[in-house]
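Please open the structure in your viewer and keep the selection tool at hand.

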2 protein chains.
Amino acid sequence: MKKSKPEDCRSGCPISHVLDILGDRWSFIIIRDMLLFGRHEFHEFMDAGEGISTNILTDRLKHLMKQGIVNLRLHPTNKKRKFYYLTQKGRDLMPVIHEMVCWAGTYIELNEIARKRIAAMKKDPQAFMKRIFQEADIWEKSELK
Amino acid sequence: MKKSKPEDCRSGCPISHVLDILGDRWSFIIIRDMLLFGRHEFHEFMDAGEGISTNILTDRLKHLMKQGIVNLRLHPTNKKRKFYYLTQKGRDLMPVIHEMVCWAGTYIELNEIARKRIAAMKKDPQAFMKRIFQEADIWEKSELK
């Protein structure tokens, strides 16, 4: 397990450390795409409708890989196809995202689809998490190398 | 209760909405200062050791007030003294911060003081939250207007 080192960060506070690693708009969006929407290729992140630019996406993926949050696999027959996926360190950010979603459910005016998804997640959070992690496990054990 | 409106945000996803509001390094640092360290005045945020600049702090406080996350009170006898404090909407970000701290406890190399604080928080999270919210209630009911 790769632990991030304090010398990467500016103060001794754990929250400050986390924000030094993830305190930008895009890191959590990319992590969300992998965790919740099964997006793993560069063009899939680009097409997610968030308006991320290619250079920022390239930079954020490198940063997340350097931090041990994201890993990379190549397609077995087409080495040009790169698949980015979350490590355990990355998947363990799910509770942070879960709490963000709960807060949004209370304090942000959302469309009906989003409201229904949040209601389902709140109704049975364990089943929701289990489904997410099952998908992540399938990915982890896939034959892509 | 002030709900943030979707037109403020760029996509329909709740996580994207949250990150449009809070997806920068400093918003969560300011919220942390109020929630966990009892800092409420401009100079206290400046002196927190994080290296925030005066113009960014001014901008972030305005932004958090506009979003209904932070409110402002003036000292009863010295109107130049401004006290910033979290609304209920702001305090309800505590679970997000709590999960960030738990993740940091597992994946970031922390100093001994931080490790002990996280261990205490994990041992009895309800007592930890209760203490935080009692302090916030005292602030809410104070005579500052």
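Two residues are in contact here when they have heavy atoms within 4.5 Å of each other. This is a predicted model, in which local features need pLDDT of at least 70 and side-chain atom pairs count only at pLDDT 80 or more, while totals for chains, interfaces and linings use all residues. Residues are numbered from 1 along each chain as its sequence is written, chains are lettered from A and ligands numbered from 1 in the order in which they are written, and side-chain values use heavy atoms, with hydrogens and water left out.

**Stop 1: chain A**

Chain A has eight helices and two strands, and going from the N terminus its elements follow the order α-α-α-α-β-β-α-α-α-α. Of the 145 residues of chain A, 51% count as buried, where buried means under 20% relative accessible area, exposed over 50%, and partly exposed in between (1.4 Å probe, protein chains only). If you take the contacts in chain A between residues at least 6 apart in sequence, 54% of them join residues at least 24 apart.

**Stop 2: the two chains together**

**Stop 3: Asp33(B)**

Select Asp33(B), which sits in helix 2 of chain B. Is Asp33(B) buried or exposed? Its relative accessibility is 1%, so Asp33(B) counts as buried. Apart from neighbours within four places in sequence, Asp33(B) is in contact with Gly38(B), Arg39(B), Phe45(B) and Ala48(B).

**Stop 4: Glu50(B)**

Move to Glu50(B), in the loop between helix 3 (42–46) and helix 4 (54–66) of chain B. Glu50(B) has a relative accessible area of 4% and is therefore buried. Which side chains does Glu50(B) join by a polar contact? A polar contact is a pair of N or O atoms within 3.5 Å; within protein, one must be able to donate a hydrogen and the other to accept it, and residues adjacent in sequence count only if both atoms are side-chain atoms. The side chain of Glu50(B) makes one such contact, of 2.9 Å, with that of Ser16(A), and another, of 3.4 Å, with that of Arg25(B).

**Stop 5: Glu41(A)**

Go back to chain A and select Glu41(A), in the loop between helix 2 (25–37) and helix 3 (42–46). With 9% relative accessibility, Glu41(A) counts as buried. The side chains of Glu41(A) and Arg81(A) make a polar contact of 2.7 Å. Once neighbours within four places in sequence are set aside, Glu41(A) is in contact with Arg81(A), Lys82(A) and Phe83(A).

**Stop 6: the largest pocket**

On a 1 Å grid over the protein atoms alone, a cavity is a set of points where a 1.4 Å probe fits but cannot get out, and a pocket is an open set with protein on both sides within 12 Å along at least five of seven lines; lining residues have an atom within 4 Å of a point. Grid points are joined across faces, edges and corners, and a volume is the space filled by probe spheres set on the points. The largest pocket has a volume of about 470 Å³. To centre your view, select Cys13(A), Pro14(A), Leu36(B), Phe37(B) and Arg117(B), the closest to its centre of the 22 residues that line the largest pocket. Helix 7 of chain B gives the most to this lining, with six residues.

**Stop 7: the largest cavity**

The residues that line the largest cavity include Leu19(A), Met100(A), Leu19(B) and Met100(B).

How values were computed:
Helices (H or I, at least four residues) and strands (E, at least two) are DSSP runs, numbered from the N terminus.
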